[in-house]
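This report covers a strand pairing, the sheet around it, the helices on that sheet and a disulfide.

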Amino acid sequence: MRNAQARGRDHGATAVELALAVPVLMLGLLLMLVSYRAGAVHIDVTSAAGAAARAASVQRTPAAAADAASATARAHLGGVCDSTTVVVDTGDFRPGGTVTVTLACTVTIRTLAKVTLPGQVTSRAEATSPVDALRSRT
């Protein structure tokens, strides 16, 4: 008889537990999705920074290097970012020197998760590429 009374008091407990657990699980899945997508964006940004540095290092002038780096970075990102900032350091642009590209990509949570949530994620990457020491500047 005691077991029957104990079971009688538990009516609806499973439904309450489920009603509390489902939103928490959904939030966890959403956080996992945003983390995964943010990681993928960071990989894209790192790759684009490397490609932009290489494209800049084969140019003949610092101005052409900056233009090539910016165009290459934006082409590689292909609309992944909501806003993109490309900074090209040509201070050591000479045969045997280096070119450094710093890339910042800002993506909103809405873009990452396809749900309307506030916030944004900014991914930054920097890449340096050597300028060929044996080439001429003409």
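Val86 stands opposite Leu103 in E2. Strand E1 and strand E2 (residues 98-108) pair in the antiparallel sense over eight bridges; two strands count as paired if DSSP finds at least two bridges between them. Helices (H or I, at least four residues) and strands (E, at least two) are DSSP runs, numbered from the N terminus.

The model is predicted: local features need pLDDT of at least 70, side-chain atom pairs count only at pLDDT 80 or more, and totals for chains, interfaces and linings use all residues. Residues are numbered from 1 along each chain as its sequence is written, and side-chain values use heavy atoms, with hydrogens and water left out.

The sheet is open, with three strands in the order E1-E2-E3 and antiparallel pairing. Strand E1 (83-92) and strand E3 (120-130) are at the edges with a single partner strand each, so one side of each has no neighbour in the sheet.

Contact means heavy atoms within 4.5 Å. Axes are lines fitted to C-alpha atoms, for helices over the stretch in contact, and angles run from 0 to 180 degrees between N-to-C directions.

| Helix | Strands | Angle |
|---|---|---|
| H2 (residues 13-57) | E2 and E3 | about 30° to E3 |
| H3 (residues 62-77) | E1 and E2 | about 150° with E1 |

A search of the whole structure finds one disulfide, defined as a pair of cysteine sulfur atoms within 2.5 Å. The disulfide joins Cys81 to Cys105, S to S 1.8 Å. Cys81 lies in the loop between H3 and E1 and Cys105 in strand E2, so the pair ties together parts 24 residues apart in sequence.
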